[in-house]
Amino acid sequence: MLHTPRSLRGMVTSPHHLASQAGLDILKEGGSAIEAVVATAAALAVVYPHMTAIGGDAFWLICWPNGRVETIDACGAAAAKADLALYRNAGYQNVPWRGGLAANTVAGTVGGWGTALQLAQDAACRVKNGLPLERLLEDAIWYAEQGVPVTEGGAGVAAAKSAELKGIYGYAEVFEPQGQPLQKNDILKNPALAQTLKRIAQEGTGSFYTGALALDIAQDLTRAGSPLSMMDLASHKTSVRPPLSVQIKGATLYNMAPPTQGIASLLILALFDKLKADQPDSFEHIHGLVEATKQAFRYRDTHVGDPAFMSMEAQDFLNDPAELTRMASAIDPLRAAPWPYPSQAGDTVWMGAIDGNGVAVSMIQSTYFEFGSGVVLPQTGIVWQNRGASFRLAEDGWNALKPGRKPFHTLNPAAARFTDGRTMVYGTMGGEGQPQTQAALFSRYARYGVGLQEAITAPRWLLGRTWGDESVTLKYEDRFDPAVIAQLGAAGHAIERMAPFTSLMGHAGALVRHANSVLEGATDPRSDGVVAAW
């Protein structure tokens, strides 16, 4: 049995050990879980740049000690100039994945930090007076200025994407300073990003969107060929919204509302709650979750996008027991349903923190693809996302490109409150794999009583496309019982064996606070992360 770290005073988990430690240090100085997550997120933007950056989007889910749960939508919208004519005149049938025209949506991450810190201030949730923004960004600034050793995973991604990215505006100057990708244990520095973080620390998170810093950002975006302007940055708004929720046996589950796929994560677990599956990692467990995933993804792909353009309220659907029963009844317990739908990938980080007051935070931050659009702004050192590459170049319909429209997001932070008093925050990177990994780790822990760390370390599966492939197979890590894999194949699943541990299955994490204040935490051995606790 794998050891699950435990403590009483506070805990942070993230996919990089330096970032987790940065968050824990904030808790030790009396900061709240929200402040710890800002510090963790800022550090990740420096030490894990292939997976996240301050030029991306973020979503927060906050569980307060009084039972209230709320979310922060820090997703940016498409530029005012990002219309069909722009891309068609440039000869594109689809939004390109890389370069300036892929950098077509505002980055909401920094605005989300500001909103979260204001919520912490309003809730008076700190152990003592709040820490200044300069302190929260201190470690990130040091790592950007002085450098950080490149991890094996980061070096692998940089090498694999070098040919694709080295010609993109600003990329090579930071990530290939000697003309080739940085190797494992090379020192990565980004002094321009250090200066940007210092400016944010001194001037506030709003400076990212208005003022001199915003002007520098807008100028470089224009030079990179992006349609984003100073006006787009100034128009950005972050919103605080209620979460989506659904009840299952013994718990209420929470996730993010559209434009994210949070409803898919909730639907998978709500449908599986209605199915018979007595043993973890059995045929019934895996088959049931995979078939529930197909049902949830069909709903998502039909209905979910920018909520301003949706015809159906996601929470209304979750509140309809007849609809959930209908979807569960459509699942054949013995046979796999056809699965023709390709999936989407994404590069993301999930992080969580719980403080001594019981504030629990689930947060996810992303640039979409590895290194986002590949655009690195020279004046600021910011890697800019390519989330808007997911838009369809169509006149209307699902996720069609329109100025001011928010793109569909795979990002979705998760949480649960159990009837026995436990609070759990959990999540993962991995695009389409996020709901599937959430379902695997939550069901193992909550339904079957598997230890938290073991639930994350155990082998996982992924239905659909991985990074850049069009495959729609059911991929599995080669550590399952061969008899179960044989059953899945016999049931009609198009199975594909993967390595015993692969990052294609995401970088997951989870924290649990028990009714007696005991904290549990877990991190993913597929990542460079650690649980930091005191």
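Start with one side chain: is Phe369 buried or exposed? Phe369 is buried, because its relative accessible area is 9% and the cut-off for buried is under 20%. Keep in mind throughout that this is a predicted model.

Now the partner of Phe369. That is Trp97, with the two ring centres 4.9 Å apart. The planes sit at 75°, so this is an edge-to-face pair. Look at where the two rings come from. Trp97 is in the loop between α3 (84-89) and α4 (109-123). Phe369 is in the loop between β11 (360-368) and β12 (376-377). Trp97 itself counts as partly exposed, at 39% relative accessibility.

Next, Arg98. This residue also belongs to the loop between α3 and α4. Arg98 is buried, with a relative accessible area of 11%. What does its side chain reach? The side chain of Glu164 makes a polar contact with Arg98 at 2.7 Å. A polar atom of the Arg98 side chain also lies 2.6 Å from the backbone oxygen of Glu370. Beyond its neighbours within four places in sequence, Arg98 is in contact with several residues, including Lys161, Leu165 and Ile168. Phe369 is on that list too, along with Phe371, Gly372, Ser373 and Gly374.

On to the other rings. How many aromatic pairs are there? The count comes to 14. One aromatic cluster is formed by Phe418, Tyr426, Phe442 and Tyr445. Phe418 has a charged neighbour as well: Arg422 lies over its face, 4.0 Å from the ring centre.

Now the backbone. Most residues other than glycine have a negative phi. Two residues here are worth a look. Asp281 has a positive phi, near 60°. You will find Asp281 in the loop between α12 (262-272) and α13 (283-303). Its relative accessible area is 22%, so Asp281 is partly exposed. Ser517 is not a glycine either, and its phi is positive at about 80°. Ser517 is placed in the loop between β19 (508-513) and β20 (519-523). At 25% relative accessibility, Ser517 counts as partly exposed.

Cysteines, quickly. How many disulfides are there? The count is zero. Cys63 is buried, with a relative accessible area of 0%. Cys75 is buried as well, at 1% relative accessibility.

Last, the whole chain. There are 18 helices and 21 strands. The C-alpha trace spans about 60 × 55 × 45 Å along its principal axes. Of the 534 residues, 65% are buried. Among contacts with a separation of 6 or more, 72% are between residues 24 or more positions apart. Questions, please.

How values were computed
Residues numbered from 1 in each chain as written. Predicted model: local features only at pLDDT ≥ 70, side-chain atom pairs only at ≥ 80, totals over all residues. Heavy atoms only, no water. Phe/Tyr/Trp six-rings, centres within 6.5 Å; stacked < 30°, edge-to-face > 60°. Helix = DSSP H or I, 4+ residues; strand = E, 2+ residues; numbered from the N terminus. Buried < 20%, exposed > 50% of the residue type's maximum accessible area, 1.4 Å probe, protein only. Lys NZ or Arg CZ within 6 Å of the ring centre and 35° of its normal. Disulfide = S-S within 2.5 Å. Polar contact = N/O pair within 3.5 Å; in protein donor to acceptor, adjacent residues only side chain to side chain. Contact = heavy atoms within 4.5 Å.
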